[in-house]
Amino acid sequence: MAEIQIKGVAKSFGSYTALHDINLTIQDQEFMVLLGASGCGKTTLLRIVAGLETATTGEVWIGGKRVDHLPPKDRGIAMVFQNYAVFPHLTVFENIGFGLRMKKVPNDEVKRRVERTAGLMHIEQLLGRYSGELSGGQRQRVAVARALAMEPDVILMDEPLSNLDALLRMEMRAELKGVLAESNTTAIYVTHDQVEAMSMADRISVMHQGRIVQAASPIEVYRNPAAEFVAGFIGNPPMNFLPATPQGAGKWAVAGQVLDGPQTQKALKFAIRPEDLHLAGQGLQAVAKVIEPLGAHLLVTCEVDGALFRAVLDSDLSVKPGDTLTLAPQSDRIRWFDPETTRAVA
Amino acid sequence: MTATDVSTGAAQRRSGHYLYAASVALLCAWVLVPLYFLLINTLSSPDTVNSFPKPFIPEFDWGSLEFFAGYDGMLKALKNSVVVAVLTMIMSIAVGAPAGYALSRFEFRGKGLFRMLVLLTRAFPLPLLALPLAVMFIRTGLDDTAIGLALVHTTLAIPFAVLITFSLFSGIPIELEEAAWTLGCTRFTAFTKVVLPLILPGIAASAIFAFVISWNEVFAAAVLTIENRTLTAFLLAKLGEAPLHLKFAGGFILVVPALVFIFAVRKYLFAMWGIANR
């Protein structure tokens, strides 16, 4: 059992504050992804959990034990680094067995566990090689196997797939998810890649400027972004925004159209995902600017009321730049944001 | 572009090549010709050394070297040189390597200043320091001892030991150490199990360089020792009286280890300069 609790963790480097009062609980055996652009503090947070960085204030608890004063080796964690950090002077076998040797595990047990984890990661045939004789993808597998061989309560991963090429990344993504699900460990996974986050996570914590903006399941983050930042960050292409003016009684004027919305008198922003727009007889008047056929669909970048607006439409459609399209937003997918607080309004 | 343009361009490139080759040849000759004469004269019989013209092919006569080995006090001086150089090597690594590690791994106030100051120890002319040092050494009883001279040589070698090990440690990703910490190592065991095996060749190179610095140093050796002279100081003192072939043999014995060692560790010296130039 290894539930991770992060309580009021903050971190400053001199006058720069990298993390502001982070509170997060990660359930036992949960796969938590920390997602954000570079510099948002996600790696710093992971390193604080690992014990490679000390928090300025706050507490870290793992499995009901306070660990923020302990060195990394006493926290029951294992970590996979972005550049793999496979020891170049040891064979793959000794790399995977390194942690077990440090724990003084008997020889035959080391052998058994190294071979088992090497089997899980499909690198049995590489056990005699050195890091210099491995490809990037193989080193990645060694790094993961080395972490798994420790049989840790918690496994921490810092952008482990970002140095692999696209095809390999997709393959490793699925494999890693499967292996981790079987190992019953709690995982924190740092990435800037939203596809990785969406496809692997039980829960995603979207981070921005040292704060967690939203921590929820992938589909919740996608469908109901808690803030404008999340809406603009998740999804490719991201959500469309248009200014909305209140017409009273829950009616809102958006680019000349009247739509149903929340019961408030403040000015709001209307938001809709590009794939939730359909051609209809009545709707937003959009002038097509750029048409990008993507095979499965057609990505149309257009202008609505002077603002940039994207729509994902059926690929059979014939549209030319300059055409005027009438786009109807799917009413249950419309979201509203308060431009002052940038938070979502129900 | 016309055909003439192409040919002038090619001609310019070719003359550039010639200039480059000539410069390289000149520089090589600058270094190699004296060494070659040293070799010829060392391996010639004492008579040939004193005659003129000189042969261009060594005679492989061991007379000079044999005479050198038999010369009174020479072997003792050779032994002293080795002892001082080994002590220098040990002390400069013992002090320099931890400093290099600290410079590469920790952020602290005055880090840039420290890196400057470490080099500045070489800015003081040794003759300026030698007299006060000699007085101090006589007071403390360190004069005319191997350890005393080794201390002076260590101060000369430390800047290089610090900068070479600094660049070596910086070349080892901190993630390797961090990975070791997460795998059950303390700072110390991570160092011995991961960093040390990776850095050992470089440490050896840096040690050899310290050895060579001490081996070649003559001024402090001449001032601070009387009875226990090192080879350089001994040769300097005997320059007037010793026969020519002895000087050649002594020079040869001095040059060869330095040359071989520097050649062996050249890769690491470039690394040091690469970092120091930043």
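1. Start where the two chains meet: 19 residues from chain A and 14 residues from chain B make up the contact (two residues are in contact if their C-beta atoms, placed from the backbone, lie within 7 Å). On the side of chain A that touches chain B, β6 (77-80) and α2 (92-102) each supply at least two residues. By class, that side has 14 nonpolar, three polar and two charged residues; here Ala, Val, Leu, Ile, Met, Phe, Trp, Tyr, Cys and Pro count as nonpolar, Asp, Glu, Lys and Arg as charged, and the others, Gly among them, as polar.

2. A quick word on what you're looking at: this is a predicted model, where local features need pLDDT of at least 70, side-chain atom pairs count only at pLDDT 80 or more, and totals for chains, interfaces and linings use all residues. Residues are numbered from 1 along each chain as its sequence is written, while chains are lettered from A and ligands numbered from 1 in the order in which they are written.

3. Next, have a look at β15 (residues 277-293) of chain A, which runs antiparallel to β18 (residues 324-329) of chain A, with seven bridges joining them. Strands (E, at least two residues) and helices (H or I, at least four) are DSSP runs, numbered from the N terminus, and two strands pair if DSSP finds at least two bridges between them. A:L277 sits opposite A:P329 in β18(A).

4. β15(A) also pairs with β16 (residues 297-304) of chain A, again antiparallel, over six bridges. Here A:A288 faces A:C302 in β16(A). The two strands form a hairpin with three residues between them, and A:G295 in the turn has a positive phi of about 90°.
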